[in-house]
Amino acid sequence: MFWYHSTTKHSYNSVRTNPNRLSWEDQPSTYKNYPTQYEKRKLDLEKEEDHFLYHIAGLTAKKSYPSGEYYLRINPSAGALYPNELYFQARGVEGIEDGVYHYEVSSSSLTLLQRIPDHEGLEPYFGYKTAMEGYLFLVSAVYFRSSWKYKNRAFRYCLLDAGHLLGSIEAAVLLKSHTVEMVYTIDREKLNRMFGFEGREWFLSGCARAVPIEEQEVAPIEFALSYVDGSRTFEPNPLIEQAYHETMQLESCRREEKAPTFTYNKTKLQETIFTRRSQRGFQEGAITKGQFNYIMDAIHQPVPSDCDEEVSVYVVINRVLDMPLGLYKEGAYIKYGDFARKAGYLSLEQYSLSMQGAVAFFLTSKGNNYQALYQKAGIIGHRLYVASLYMDIGCSGIGAYYDDEVNEFVENDEMVLYALAIGK
C-alpha cells in the first residue's frame, strides 16, 4: 500500500507546482437522502435512543457565507466535505423497529432500508454467528465529496473522517456507560452490492455496540437496494478506486480486547460533544502540565477492535507549563529545542495552528492494514478533540503536511497519517 501513500505525498515543491483549482459547478452535495417511498422517522430527542443517535452525527450549527449556508456536524471533517455516511442495524432496541437504517443527516431522520427477522441479519457480515442485541454500525465513504477538492489524496481524508465518525460513536456510547468494538473485517464486497453503491460509495468499517443473544443463531440476510446518489455530481478517480480495492482484504490482524477507561463527567461530556468545533487559529496561550497529561492519557487508551494497528504519537511541546520544549514520542522525551516554527512549517505552513498552538501532534504508522490503521488515527484524533475541548482547550485536525520532512524531523520512515494541534 506504500505506492498509494507515496503517490499522494505533499512536498514544498508539489503544493506550488500543482495548485488545486476547484470546479465549483461540480461541487458535490454532502447529504444523501433516500427517496420518499422509504419509511422515515424524524428523531425525537426526548427519547433516549434517538438522543443517543443524534449525538453521533447530528447537525449542531449553521454558518452563513456569501456563497451560501453551511451546517456543521458533531463529527469533524476535512474541508467540511463530510464524505462519510452512517448506516446501522438495530435489534432489540427500545423504540426502534428491528431493521437496517440509514441516518439522514439533513433532516435528522432514520430511514428504514430493510426489516430484519429474528433469525436473519447483518451479524454474519461482521463475523458474528449469533444474533446481537443493540447496534451494528456501518461507515461508508462517498469518495467524490472529498476527491472533488483533494484529488488523489482524498482516500486518506475519507479514512480519517471515517475514524472521526467511529470516534463520535465511541463518545456517544460513553454517555450510556458502554463501550464499542471497531470491526474492520466486514464483508465489504457483499455489503457494497447489497446496498446498491455501484462503485460510487464504499463501506470502510463497522462498529458494534451490542451483546450476543444466547442460543439465537442468525443467518446472513440478503437484499438488494437500488442505487441512491450520494453526491449529485461524480467524477471517477482510478487511483483512489484501486487503493480502496487493494486494501479491502485485511491480513494478519491482531485483536485488541482491552476496554478504554475514561474519566468524563457525563453532563460535561455531552456538552463537549455537542459544542465541538475545529479551532481555526491559536493565540499562543499555554496549557498546564495536568491538562496535557489528562489529554495524553485519553488518547493512549486502547481502541477495542478486530484489527488493531500500532500508531505512533509524536508530540511537539510549544507551551506547556513546567514542561521543557522539544519533541516527545509516547510521552518519552526525544530531543530538546524550540520546534514551534518547524511544526508550523511541517503542517503545510499553517503557522497559526501548529506553531501558535500549545502542542502539535504527528501520528505515524508502519502497519500493513491501511484502512484499519488510518481509521485508528482518526479515532485517536477524535479522542484528542473530545479530551481537549472537555478541558476547555481548542483543537484542530490537520490532514495536510510535508510527509517526507515530517519523517526526517521525527527520525522514522513510517507513513505519516495525521497532524493535529491543540492550544488557546
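User: Happy to be looking at this one! What percentage of the 424 residues in the chain do buried residues make up?

Analyst: Welcome! This is a predicted model, and a residue counts as buried when its relative accessible area is under 20%. Among the 424 residues of the chain, the buried share is 58%.

User: What radius of gyration does the chain have, and what would a compact globule have?

Analyst: The chain's C-alpha atoms fill a box of roughly 60 × 45 × 45 Å along the principal axes. For 424 residues, a compact globule would have a radius of gyration near 22 Å. The chain agrees with that, having 21 Å.

User: How many helices and strands are there in the secondary structure of the chain?

Analyst: Of the contacts with a separation of 6 or more, 79% come from residues 24 or more positions apart. The secondary structure that goes with this chain comes to 14 helices and 17 strands.

User: Which cysteines does a disulfide join?

Analyst: A disulfide needs two cysteine sulfur atoms within 2.5 Å, and the count here comes to 1. The sulfur of cysteine 158 is 19 Å from the closest cysteine sulfur, too far for a bond, and the sulfur of cysteine 207 is 15 Å from its closest one, again too far. At an S to S distance of 2.2 Å, the joined pair is cysteine 253 and cysteine 307.

User: How many residues apart in sequence are the parts that this pair ties together?

Analyst: Cysteine 253 sits in the loop between helix H8 (238–246) and helix H9 (266–275). Cysteine 307 sits in the loop between helix H10 (289–299) and strand E12 (312–317), so the pair ties together parts whose separation in sequence is 54 residues.

User: Which helices do the buried residues of H9 pack against?

Analyst: The buried residues of H9 are Leu269, Thr272 and Ile273. They cover an arc of only 100° around the axis, so they lie on the same side of H9. Thr267 and Glu271 are exposed on the other side. The packing partners of the buried residues are helix H3 (48–57), helix H6 (154–174) and helix H13 (370–390).

User: Which residue caps the N-terminal end of H9?

Analyst: The place to look is the backbone nitrogen of threonine 267. A side-chain oxygen lies 3.0 Å from that nitrogen, and the capping residue that supplies this oxygen is asparagine 265.

Methods
Residues are numbered from 1 along each chain as its sequence is written. This is a predicted model: local features need pLDDT of at least 70, side-chain atom pairs count only at pLDDT 80 or more; totals for chains, interfaces and linings use all residues. Side-chain values use heavy atoms; hydrogens and water are left out. Helices (H or I, at least four residues) and strands (E, at least two) are DSSP runs, numbered from the N terminus. Buried means under 20% relative accessible area, exposed over 50%, partly exposed in between (1.4 Å probe, protein chains only). The arc is that of the directions from the helix axis to the C-beta atoms. Contact means heavy atoms within 4.5 Å. A polar contact is a pair of N or O atoms within 3.5 Å; within protein, one must be able to donate a hydrogen and the other to accept it, and residues adjacent in sequence count only if both atoms are side-chain atoms. The radius of gyration is taken over C-alpha atoms; the globule rule is 2.2 Å times the number of residues to the power 0.38.
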